Amino acid sequence: MPKDTSIRSVLIIGSGPIIIGQACEFDYSGSQAARSLREEGIRVILINSNPATIMTDPMMADRVYLLPLTVESLEQILQENEIDAVLPTMGGQTALNLAKEADELGIWEKYGVRLIGVDIKAINKAEDREEFRRFMTEIGVPVAPSRIANSFLEGKEFAQEIGFPLVIRPSYTLGGTGGSFVHSKEELDEALQRGLEASPIHEVLVEKAVLGWKEFELELLRDAADNVVIICTVENMDPMGIHTGDSITVAPAMTLSDTAYQLMRNTAIKMMRSMGNFAGGCNVQFALNPQTEEIIAIEINPRVSRSSALASKATGYPIAKIAAKLAIGYRLDELKNQITGNTSAYFEPALDYVIVKMPRWNFDKFKGADDTLGLQMKSVGEVMAIGRTFPEALQKACQGLENEAIGLGFYSGNTNLKVDQLLEKLKRPTWDRVFRIKDALMLGVSIKTIHQLTYIDPWFLHQIQLIVDMEKKLTHYHLHDIPDELLREAKQLGFSDRQLAILLRCDSEDEVYKKRKKLGITRTYKMVDTCSAEFEARTPYYYSSFDQVNESIPSKRKKVLVLGSGPNRIGQGIEFDYCCTHGLLAIQECGYEAIMINCNPETVSTDFDMADKLYFEPVFWEHLREIIDLEQPEGVIVQLGGQTALKLAKNLHEKGIHIFGTSFNDMDIAEDRGRFSDMLKELGIPYPKYGTAYTAEEAMAVAKQVGYPVLVRPSYVLGGQRMRIVINEEELEKAVVSLLKHLPGNKILIDHFLDRCQEAEIDAIFDGEEFHVMGVMEHIEPAGIHSGDSNAVLPPFNLSPLEVTTMEFYAEKIARALHIQGLINVQFAIKDGVVYVIEANPRASRTTPFIAKAYQVPYLNIATKIILGTHKLKDFKIEKKLNGYAIKEPVFSFNKFPGVNRELGPEMKSTGEAIRFIKDLRDPYFRKLYKERSMLLSK
Amino acid sequence: MASTIAPRAVLLLEDGTCYYGKAFGKIGTTSGEICFNTGMTGYQEVFTDPSYTGQLLVMNNCYIGNYGVKADEVESDSIKIKGLICKNISHFYSRTLATSSLEQYLLENGLVAIHQVDTRALVIHIRNKGAMNAVISSETDDLSYLQKVLEQTPRMEGLDLASEASTDHAYTLGDPRSGVRIAVIDYGVKRHILQCLVDRGAYLKVFPACVTLQECEDFQPDGYFVSNGPGDPAAMPHVVQLVKQILSTKKPFFGICLGHQLLALANGIPTYKMHHGHRGLNHPVKNLISNRSEITTQNHGFAVDPDALRLSKHMEITHINLNDGSIEGMRMKYQPAFSVQYHPESTPGPHDSRYLFDDFIRQVKMYQNAPVNA
C-alpha cells in the first residue's frame with residue numbers, strides 16, 4: 001500500500017503543558033510528524049496549548065491553533081478547516097484521551113474525519129490493567145499474577161494466594177497515587193487500607209511484584225501491511241520496581257542473550273499484532289527473571305512515547321517521522337532510511353556504541369516529597385550520553401546532568417557516609433543511588449552485597465567497579481608521573497579532566513588538558529548512523545570517544561556553535577529548545593554552518609536534520625572545548641541555551657573564544673548582583689535595597705539596613721532555588737543557617753522585599769543602535785510568587801501607561817549600558833508608582849517563545865541575526881498581531897508528590913505552561929484568575 | 001576494559017593497514033579473510049557457525065562476552081571463526097544460566113583474539129576497501145614476519161572449505177517413524193537448521209560433502225536439503241554436479257546460503273564474490289510472492305548473479321534485499337525447488353523467516369501425495 005491519496009489534510013494533537021511523565025518528548029514527536037506529513041504535500045493543522053513548543057511555531061504547520069486541548073477547541077478547528085484525518089498518537093496520553101473523548105461524542109464522525117495511526121480499541125486494551133491482563137492471557141503471553149479486590153478481606157485473601165512481595169494498585173487513580181509495594185505480611189494491612197481508600201470505587205489490583213527481575217523495553221514500528229521492526233531494545237539498569245522514566249537505562253541491551261532477546265521480540269510482535277489494527281509506533285515493556293530467563297509482559301503503549309524519543313536519538317532512526325508516514329498508508333519497505341539515504345527504512349538499527357540515559361530530578365523543589373523511587377515517575381528531565389565503553393557513557397551522563405557531578409562522583413561536600421549508612425541508603429532507591437553505589441565500592445563493599453540490595457545486574461556493578469579501580473589507581477600518581485597509558489585508559493573510562501585534576505592533585509583541569517593533548521590523548525568523534533558503519537551515512541550526528549580514528553571532518557565553511565540547555569528541569573526547559581532550533585535556522589540563513597551541542601534527547605534542536613552538524617555531548621566545558629578545538633568556529637552563541645549555556649561564557653572568554661552578541665564582561669555585570677546594582681545606581685534606576693552576607697550575623701546586620709521583609713537567597717541560582725522571604729530576625733537566622741548547611745561557603749544575597757508590589761517583565765532586543773521591546777508582561781499575582789509560577793498577561797492590563805513607559809525606558813538604559821547585542825529580559829517590581837528593577841538576564845528568557853507566539857513575530861530568528869551581527873533591527877519589518885490579551889498559565893505536577901505543600905513562593909515549582917488568548921478583560925477566565933490572585937501565596 | 005597488564009596484540013591487513021589492541025584468548029598468530037558482523041546479540045552462535053570457517057571476524061557491537069557462554073547455544077561443536085576482533089571483550093560476565101565465560105571458551109577452543117581496537121574505523125576500512133586477508137598476532141609485532149604469514153594465507157576465492165566443514169560420516173536425526181524423510185547434504189550445516197526441520201516432524205539423514213546421489217537415494221528421502229557452508233561455491237564443481245543430479249530426481253529441494261548458490265550454479269547461473277558481504281541480524285528482505293517483508297540473519301560473502309537469474313527461463317526471483325537489491329531467494333518454475341541466500345533458522349537473529357521450513361515440509365508432503373513425474 002503506498003500513500004493514501006485521499007488524505008490531504010491532517011490534524012495533529014499535541015500534548016499540552018509539560019508535566020512530569022509527559023514532557024518535551026512530545027514536542028519532538030509532534031514536530032517530526034508535522035514535517036514528515038508536509039514533505040508529502042499534506043496540509044497540517046496543529047493544536048496544542050503549550051506556547052513553549054517548537055511544534056506550534058508557524059513554520060512547522062500550515063495552521064497552528066494555540067488552544068486549550070478540549071473537544072470545543074477541536075470543533076472550532078473542524079469548522080474552520082477541511083480536515084481529512086486526525087493523528088492523535090504524537091501527543092502522549094493527553095492527545096489519545098482527547099481523541100477518545102471526541103470519538104465517544106461522535107465528533108470525528110460528524111465532520112467525516114478519520115482517525116489514523118491508532119485503534120481506539122487497542123488503547124482501551126492497553127490502558128485498563130484488568131483488560132490488559134485478560135487480553136494477554138487470551139493470546140498466551142504471561143503476565144504477573146493479579147486479582148481485583150473490592151474489600152479489605154478480599155485483598156488479604158488474594159495477597160495470601162499471590163504471595164509476597166506484591167504491589168497494591170488502586171483503580172482509577174492518576175499516575176500511581178496510593179499504590180505501593182508490600183514486602184511482607186506486616187506491611188499488608190496498612191498498604192491495602194491506603195489503596196482501597198485512594199480508589200474512588202474502593203477497588204485495588206493485588207499484583208505479584210517481580211522485584212529484582214530485569215526490565216527491558218522494545219520500540220516497535222508497524223505498517224498497514226503488518227510488517228514489524230524493532231527499532232531499539234533498551235535495558236533498564238535499575239530493575240523492576242522503579243518506573244522506567246526514573247531508571248538509568250542503557251542501549252543496546254547489555255546482558256541479554258539472543259535466545260532471551262528473540263523470545264521478547266517474538267512476544268512483542270505478537271502483542272502488537274493482536275492488539276488491534278494500527279500503523280505506527282508502539283512500546284512494549286518486559287520483565288525477565290534472571291534465574292530462569294522466563295519473561296512476563298508489563299505493559300504496551302500503542303503510540304509514540306518518551307521511550308520512542310530516546311530510541312530515536314539513541315539509534316538515529318527517526319521513529320516519529322516514519323510513524324507519521326506509516327499512518328498515511330506507506331509501507332516500511334517503500335521508505336528509505338533517512339540516515340543513509342539509500343538503504344531501506346525497513347530494518348532494525350545496529351549500534352556500535354553504548355547509550356546511557358540518566359534521569360534528572362528536582363526534589364529540592366518539592367520539600368517534604370517522598371524521594372523514594374518507585375511506581376510513580378518523579379524525574380523532570382533526562383540526559384543521554386554516548387560512548388564506546390559503558391563507563392565512558394555513564395560518566396558522560398553524569399557530566400551532562402549539571403548537578404555538580406563531574407563524573408561518577410561529586411568530589412566535594414559532605415557525602416562521606418560510613419559503610420553501614422551507605423548500605424542502608426542503597427536499600428531504598430533514591431535519585432543518587434548510582435553515586436552511592438560507587439561510594440560503597442570505593443569503601444570495598446562487594447558487588448554481591450550491592451547486587452543483593454539493589455538487584456542491579458552484576459555486569460553493571462562490575463563496570464562501576466572498573467571506574468572505582470581506576471580512581472584508586474590514579475591516586476597513586478601525580479600529573480607529572482602518571483604513565484601515559486593509564487591516563488589514556490582513564491579517559492576511555494570517561495574520567496573528566498576536572499576529575500583527574502582532583503585525583504592527581506594538580507591545580508586545574510587546564511593542566512590535565514594540556515598534558516593529554518600533548519600526548520595525543522584527544523577525543524575522536526564517531527557517527528551515529530543506524531547501521532554500525534555497514535553503510536555510508538550522510539547524517540552529521542556525532543559523539544566523542546577516546547578511540548583511534550576521527551570521523552568528524554570539519555568543513556571549510558564559517559561555523560557558529562550553539563549551546564543547548566542540558567536536561568530539562570524546573571526553571572529551564574523546552575523553551576530553550578525552541579530558542580536553539582530557531583537559532584540554528586537563522587544561522588543557516590546567514591550563510592554559516594550551524595553546529596549544535598546538547599545532551600537532552602527530548603529536544604527538536606538535536607534532531608539529526610536540524611543543525612548542519614550535531615554533537616550529542618554534555619554541555620560541559622571540557623566537551624565544548626574539544627569540539628571548538630576541532631571545528632574552529634567563528635564563535636559561540638550562549639544566549640539561547642538558558643543559564644546552562646550562559647555559565648560557560650566565562651570559560652569561553654578566558655580562552656579567547658569569540659562569543660557572538662553581548663560580551664562576557666557585560667553579561668557578567670548583569671549576573672553579578674554587586675556590579676549590577678552599582679550600574680543601576682549610576683544610571684539612576686531604582687532597585688530594592690540589598691546587601692550580601694556570609695554568616696547569619698552579617699545577614700542580620702544587612703537585613704536591619706535594608707528593612708524587613710527581606711528576600712534571602714544564595715547567589716547564582718536558577719529558578720529561585722532555596723529562596724525565602726522572611727519577616728524577622730528569628731526567621732532570617734533559620735533561613736541563613738539552612739542555606740549554609742546545604743551550600744556551605746556560598747554568598748548570601750539579602751534584598752528588601754517589596755511587599756504586595758506588582759511584578760512585570762520586559763523582553764527586548766538591542767542591536768547597539770535601536771532598542772525594540774518584544775513584549776511587556778504583567779503578572780497577575782503580586783510579588784512573592786516566582787515569575788515562572790505566576791499567571792502573566794501580555795500586554796499589561798493594570799499598569800499605567802507611565803509605569804510601562806518607565807519600564808521600557810529603564811530597560812533600554814540597561815541594554816545600552818550593558819552593550820547588549822541580542823536579547824535581554826528585565827524584571828520589574830512596581831510599588832506606589834515607583835518602578836524598581838529586580839534583575840536583568842542577558843539572554844533568551846522563559847517568556848521569549850511565549851511572546852513570539854502571541855505576537856506571531858519570528859523574534860528568535862531576528863534576535864539570532866542580531867547576535868551574529870549580520871543584521872540590524874531596521875532590516876526587519878516587525879508587525880505584532882494580537883487581538884486582546886494572551887495569558888501565560890503555569891502548570892504544576894504536584895499530584896506526583898502527595899503530601900507536598902502546594903503553596904507558591906519565590907522558588908519556582910511549575911513544570912510547564914499553557915497559553916490562553918482572551919478578547920478583553922471581561923473574560924470570565926481572566927476575572928476568576930484575578931480574583932484569586934493571592935490565594936496560593938505562601939506569605 | 002582489560003587492565004594494563006594484558007599483552008599487546010596487532011592486526012595487520014593485506015593492504016598494510018595496521019591496528020593495535022590488547023590480546024585476548026589464546027596467545028598466538030592466526031590469519032584469514034577479515035569480515036564484520038553487525039549483530040548485537042548471539043555472539044556464541046556466530047562464532048560456532050561453520051559458514052565462518054577460515055575467517056577473522058570483527059564484531060561491530062561494542063561489547064562482546066557480557067553474558068558468557070551457554071553450552072547449548074551453539075551452531076556446531078566448536079568455534080569456527082579463525083580469529084576475533086572486538087572493541088571490548090568483557091572479562092566479567094553475568095548470566096545465571098551461563099556455563100562459562102567467553103574468555104574460558106576462547107581458550108578451550110584455542111582462539112586468538114584482539115580487542116580494544118577501533119573496530120568502527122576498521123569496519124569503515126573494510127566497507128571501503130572490500131574483503132581482504134588479515135593476520136592477528138598476540139605473540140609478535142614483527143610486521144615483516146606477519147607479512148609472510150599473510151602471503152601464505154590462501155584467498156577465499158577458489159577455496160573449497162565446505163568439504164572441510166562437513167561431517168565425516170552420515171548420521172540420522174529425528175524420529176525414524178516420521179513420514180517425512182529428508183536427505184541433508186552437509187557443507188557445514190548449522191545445528192538449528194537441522195533443529196528447525198526436526199521440530200517440524202522430519203526424519204533427517206545428514207550426509208558428508210562427498211556423498212553420491214545413490215547413497216542419498218538409498219535413504220529413500222522425500223526431499224533434499226542442501227546446507228549453508230563456507231568458501232567459494234564456484235570452487236566446487238563436483239558438488240554442483242551432485243545438486244544437478246538431485247534436481248533430476250524432481251524431489252522437493254531446499255537450499256540455504258551455500259545451498260542457494262549451488263542451486264544457481266546447477267542451473268547455469270553464476271555466482272560472484274561480493275565486495276564485503278552481508279553479515280548481521282538486521283538485513284531487510286522482501287518476499288515478492290507474499291509482498292511481506294522480513295528481517296533476516298545473513299552471513300555470506302558470495303552471491304547469485306542477478307542479471308543471469310533474470311534471464312533464466314526456468315528460475316524466478318522470490319526474495320530481494322531491500323538495501324542493495326541483491327538476490328535473496330529464488331525458485332525453479334517447473335519443479336519444487338527453492339532456496340534463500342539468508343538464514344531462516346536465524347540463530348542468532350529474528351525468527352521472521354522460519355515459515356520457509358513450513359513451506360518446505362508442505363512441499364514435501366504435497367510431493368508425497370502427488371509426486372512430480374520424473
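Quick housekeeping. This is a predicted model, so local features need pLDDT of at least 70 and side-chain atom pairs count only at pLDDT 80 or more, while totals for chains, interfaces and linings use all residues. Residues are numbered from 1 along each chain as its sequence is written, and chains are lettered from A and ligands numbered from 1 in the order in which they are written.

Back to chain A. Its C-alpha trace spans about 75 × 75 × 65 Å along the principal axes. There are 31 helices and 33 strands in it; these are DSSP runs numbered from the N terminus, H or I with at least four residues for helices, E with at least two for strands. Of its 939 residues, 59% are buried, meaning 20 or more other C-beta atoms lie within 10 Å of the residue's own, versus exposed at 12 or fewer and partly exposed in between, with C-beta atoms placed from the backbone. Now contacts, which are pairs whose C-beta atoms, placed from the backbone, lie within 7 Å. Among those in chain A between residues at least 6 apart in sequence, 70% join residues at least 24 apart.

Let's zoom in on H14(A), residues 433–442. Here 7 of the 10 residues are buried, so the helix is largely enclosed by the rest of the structure.

Take the H16(A) partner. Two packed helices are described by the angle between their axes and the distance between the axes. For H14(A) and H16(A), the axes come within 9 Å and cross at roughly 60°; axes are lines fitted to C-alpha atoms, for helices over the stretch in contact, and angles run from 0 to 180 degrees between N-to-C directions. The crossing is right-handed, which is to say the near helix is turned clockwise from the far one by less than a right angle, anticlockwise being left-handed. On the H14(A) side you'll find A:Ile437, A:Lys438, A:Leu441 and A:Met442, and they meet residues of H16(A) including A:Leu461 and A:Ile464. By class, that contact has 7 nonpolar, 1 polar and 1 charged residues. Nonpolar here is Ala, Val, Leu, Ile, Met, Phe, Trp, Tyr, Cys and Pro; charged is Asp, Glu, Lys and Arg; the others, Gly among them, are polar.

On to chain B. It has 11 helices and 19 strands, and 59% of its 374 residues count as buried. Its C-alpha trace spans about 70 × 45 × 40 Å along the principal axes.

How do the chains meet? 39 residues of chain B are in contact with 49 residues of chain A. H3(B) gives the largest share of chain B's side, 5 residues. By class, that side has 15 nonpolar, 15 polar and 9 charged residues.

Notes:
Two residues are in contact if their C-beta atoms, placed from the backbone, lie within 7 Å.
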